[in-house]
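This report goes through one protein model, beginning with a single residue and ending with the chain as a whole. Keep the structure in view while reading.

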Amino acid sequence: MERYEVLIVGGGHAGAQCAIALRQNGFAGTLAIVGEEPEFPYERPPLSKDYLAGEKPFERMLLRQPAFWSERNVEMLRGRPIVSVDPAAKVVTDADGNPLTYGSLVWATGGSPRRLTCGGADLRGVHAIRTRADVDQLRTELAAAARIVVIGGGYIGLEAAAVLSKLGKQVVILEAQNRVLARVAGEALSYFYESEHRAHGVEIRTRCAVECLEGEGRVQAVRLAGGERIAADLVIVGIGIEPAVTPLIAAGATGGNGVRVDAECRTSLAHIFAIGDCALHENRYAGGAAIRLESVQNANDQANVVAKLLTGQDAHYDAVPWFWSNQYDLKLQTVGISAGHDAAILRGDPDGRAFSTVYLKQGKVIALDCVNMVRDYVQGRRLVVEGLSPDPAALADPAVPLKELT
Ligand code: FAD
């Protein structure tokens, strides 16, 4: 039976970084990453950006070259989904029934795209963007597609829409809420991105309920509640993810929307950690609420915490959340979590396409969204980390550098 002192399940950002950090921290024991995908670990953000655009070769998305893993004695067990966990015996089993035993288990499985539950969801031509395989398949169908409907106005849907409209496609975004990015950003940012997309010829429809997808074998249209039919040669569904935690929950781990972890990324099961998109953790930047963060930052920082703990060091997760999104020539950088803000201050002029929004709660800065404003992003971090309460008039004045307000 294969036995590893540390076994990492999932070879995405979190799993790969955990293995890298373990070796960097001097861990010399047996170590493997067992993952569902056939590839070596790769960056996921380009999937909706330059890889979708055909501007970045896959090789440049690899987090490390294949030789890196063998040189550091990290066994890469690719194409092997884990389907069950026995925490008492410290054994996991893959889909072919092969058992692997572990000393410590790091669960880093991310999530799978949430699927539509309506009729027609399984038609050909309906795509998600989560893996390289998803995007490779999507790209093979692009040439024959003129009209593309994107269901979901979150970051991934908007990024894909930007790429596809640049490729000359007619793109329609359908968003269920009253604005795009409603879950993650304030109104000003949502409206700014809506107008940018419209200026690039993308049609944005908000408050849209999808009734079903129509077509004979292959999708031809999206039907909305109310009966309207929107023609589509291809549909992209970007409505979030379901954390991939079923085997862990079945094994008794506490959780639901993700697997619950403490500040050391420990699950309720002995010797089992969880990190990355699937880890439901209390986050002080969300006012102590239990949340999952879907970002490279969170994946890397939680991975580093576990690597330290497994090499006998003290560590706990308390990193400030940050994220980025590229659409057209707009680079958005966010720091903190804006949900729950009670005031939003605009710095600069959105018409000038370089501005920031500072989010406050009870006078304290809790987050910033910075569009083409790297300086605000860099200097504003401290405001968020320390929860400072600068003068609102100074915050609103882009001539006042944020570092002067810390
Ligand atoms: P993943 O990277 O998803 O890796 C999980 C791995 O585990 C996968 O390979 C999966 O196949 C595997 N797995 C799942 N179940 C099992 C199982 N049972 N057994 C074995 N293996 C399993 N973040 C940003 O910060 N900025 C961005 O601009 C950005 N853009 C993004 C664009 C796209 C299109 C996507 C999909 C994500 C983007 N993200 C971005 C989010 C970021 O990529 C994720 O937060 C990050 O990948 C999370 O890392 P993870 O290791 O937790 O999960």
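## A buried strand

Val 235 has a relative accessibility of 0%, so it counts as buried, the cut-off for that word being under 20%. The model is a predicted one. Val 235 belongs to strand β15, which covers residues 234–237. Leaving out residues up to four places away in sequence, Val 235 touches Gly 125, Val 126, His 127, Val 149, Ile 151, Leu 213, Val 219 and Val 222. Gly 153 is 82 residues away from Val 235 along the chain, and the C-alpha atoms of the two are separated by 13 Å.

Val 237 lies in strand β15 as well. Its relative accessible area is 8%, so Val 237 is buried. With residues up to four places away again set aside, Val 237 touches Arg 114, Leu 116, Val 126, His 127, Ala 128 and Ile 151. Between the C-alpha atoms of Val 237 and Arg 115 there are 7.4 Å, although 122 residues separate the two along the chain.

## Thr 101 in strand β6

Strand β6 runs over residues 99–107 and contains Thr 101. Is Thr 101 buried or exposed? With a relative accessible area of 13%, Thr 101 is buried. Apart from neighbours within four places in sequence, Thr 101 is in contact with Met 1, Glu 2, Arg 3, Tyr 4, Lys 90 and Val 91.

## Nonpolar cores

In soluble globular proteins, nonpolar side chains tend to be buried together. In this model the largest nonpolar core has 94 residues. The members that touch the most other members are Ile 8, Trp 69, Leu 189, Tyr 193, Ile 236, Ile 275 and Leu 395. Another core, of 23 residues, lies apart from the largest one and has Leu 77, Leu 100, Tyr 102 and Val 245 among its members.

Which residues does Ile 275 touch, not counting those up to four places away in sequence? They are Ala 14, Gly 15, Cys 18, Val 106, Trp 107, Ala 108, Cys 265, Gln 302, Ala 303 and Val 306.

## Two loop residues with positive phi

Most residues other than glycine have a negative phi. Arg 207 is not a glycine, yet its phi is positive, at about 50°. Arg 207 sits in the loop between β11 (203–205) and β12 (210–214). Its relative accessible area is 63%, so Arg 207 is exposed; the cut-off for exposed is over 50%.

Asn 372 also has a positive phi, near 50°, and is a residue other than glycine. The loop that holds Asn 372 lies between β26 (364–371) and α8 (374–385). At 29% relative accessibility, Asn 372 counts as partly exposed.

## The whole chain

The protein chain has nine helices and 26 strands. Its radius of gyration is 22 Å, close to the 22 Å that the globule rule gives for 406 residues, so the chain is as compact as a globular protein of that length. Along its principal axes, the C-alpha trace spans about 60 × 60 × 35 Å.

Of the 406 residues, 52% count as buried. The chain exposes about 17,100 Å², and carbon and sulfur atoms supply 48% of that area. Among contacts with a separation of 6 or more, 59% are between residues 24 or more positions apart.

Technical notes:
Residues are numbered from 1 along each chain as its sequence is written. This is a predicted model: local features need pLDDT of at least 70, side-chain atom pairs count only at pLDDT 80 or more; totals for chains, interfaces and linings use all residues. Side-chain values use heavy atoms; hydrogens and water are left out. Helices (H or I, at least four residues) and strands (E, at least two) are DSSP runs, numbered from the N terminus. The radius of gyration is taken over C-alpha atoms; the globule rule is 2.2 Å times the number of residues to the power 0.38. Buried means under 20% relative accessible area, exposed over 50%, partly exposed in between (1.4 Å probe, protein chains only). Contact means heavy atoms within 4.5 Å. Accessible areas come from the Shrake-Rupley method with a 1.4 Å probe; for residues, only the protein chains shown count as cover. A nonpolar core is a set of buried Ala, Val, Leu, Ile, Met, Phe, Trp, Tyr and Cys residues joined through side-chain atoms within 4.5 Å.
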